[in-house]
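Please look over the sequence and the model first.

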Amino acid sequence: ARSLDKLYNFADCSGLHLIFALNALRRNPNNSWNSSSALSLLKYSASKKYNISWELGNEPNNYRSIHGRAVNGSQLGKDYIQLKSLLQPIRVYSRASLYGPNIGRPRKNVIALLDGFMKVAGSTVDAVTWQHCYIDGRVVKVMDFLKTRLLDTLSDQIRKIQKVVNTYTPGKKIWLEGVVTTSAGGTNNLSDSYAAGFLWLNTLGMLANQGIDVVIRHSFFDHGYNHLVDQNFNPLPDYWLSLLYKRLIGPKVLAVHVAGLQRKPRPGRVIRDKLRIYAHCTNHHNHNYVRGSITLFIINLHRSRKKIKLAGTLRDKLVHQYLLQPYGQEGLKSKSVQLNGQPLVMVDDGTLPELKPRPLRAGRTLVIPPVTMGFYVVKNVNALACRYR
């Protein structure tokens, strides 16, 4: 109870919503879920009127290898129905959201587990959740973060999940509930470096493009090396990347056509582009930009700079550049970043620095330095798709 109090107060003070995963490994002799301790926690939480959403377990496909006890998809589905029946009589949680099954990488056995779960309890959950890990943390080099083949593994996984979900509950929301660059808690000096940002930013762009609404990051603080802030509460590169993303990117995704980049695929050849361009409507909560503005975010994995010329209605518009580059001698391994040449550091314990754009004159070619990423707000485009929510 004390741990829940601390966790809820942290989330509440931060303006965050808490999703709490209950222990699914307390099992009865017939392998059904033993919900007695969960019910005690639910009653305590309800007595405090905590606004919480719920989940049951974590990566059920690993239960046998980690805990010596397997749970198949249909049994897990029954367990979720049981949890739903516990929530409904509790007034505070009668309409609480329920998420799951939080499976791991969708290999053949994991897809079978998801299939069994969706058949039994697909309508019980408010969103279907899964986790993605890019690299085995025990064998990782800085150049791994620049491999286009690695960046593209996520797209195939999304399609596998969507196929199962849409078989049983067409249109059901799908969330990526855990995304880490490397497994085994991450890799020191790499998972929390500038280099890891290429995977993170590409993940956000690719997921939005394929209709995934929510991405949850592992983790914010302390656990392993994939966190967003260090032990002294200093923001790490992925924190600044996430902050810029939240401030500049709206939820509406736009199609991008790049002349000279979209080559025709030949049989047996997969095009894996090292220059990745995503476009969204600019966040309408950002009062520095009027509705109808567009934000591009660009990843350049080439060893050379790339020039991009905006065309059509974008050609003669003023552009605000937010270019993120590593800061310091470590290069891609750096844990510090600079925005348009200025190092990003906290002003004091409670104050973030001003994230100043660099204005580019209308019609100017965008020059993307080698192995960098950045955001480009095209102002006052008055794009029809971006004028309304």
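## Basis of the model

This is a predicted model: local features need pLDDT of at least 70 and side-chain atom pairs count only at pLDDT 80 or more, while totals for chains, interfaces and linings use all residues. Residues are numbered from 1 along each chain as its sequence is written, and side-chain values use heavy atoms, with hydrogens and water left out.

## The chain as a whole

The chain has ten helices and 16 strands. Helices (H or I, at least four residues) and strands (E, at least two) are DSSP runs, numbered from the N terminus. The C-alpha trace spans about 70 × 55 × 45 Å along its principal axes. For 389 residues, a compact globule would have a radius of gyration near 21 Å, and the 22 Å of the chain agrees with this. That radius is taken over C-alpha atoms, and the globule rule is 2.2 Å times the number of residues to the power 0.38.

Of the 389 residues, 51% are buried; buried means under 20% relative accessible area, exposed over 50%, and partly exposed in between (1.4 Å probe, protein chains only). Among contacts (heavy atoms within 4.5 Å) in the chain with a separation of 6 or more, 75% are between residues 24 or more positions apart.

The chain carries 54 positive and 23 negative side chains, and the centres of the two sets lie 8 Å apart. Lys and Arg count as positive and Asp and Glu as negative, without His and the chain ends. Each charge is placed at NZ of Lys, CZ of Arg, CG of Asp or CD of Glu.

## Backbone exceptions

Most residues other than glycine have a negative phi, and most peptide bonds are trans. Gly100 and Pro101 are joined by a cis peptide bond, with omega about 5 degrees. Pro101 belongs to strand β3 (residues 98–103).

Asn31 has a positive phi of about 75 degrees. The loop between β1 (18–22) and α2 (36–47) holds Asn31, which is buried at a relative accessible area of 18%. Asn382 also has a positive phi, near 60 degrees. Asn382 sits in the loop between β16 (372–378) and α10 (384–387) and is partly exposed, at 44%.

## Gln321 and its contacts

Gln321 is in strand β11 (residues 319–326). Gln321 counts as buried because its relative accessibility is 6%. Leaving out residues up to four places away in sequence, Gln321 touches Asn340, Pro357, Arg358, Leu360, Phe375 and Tyr376.
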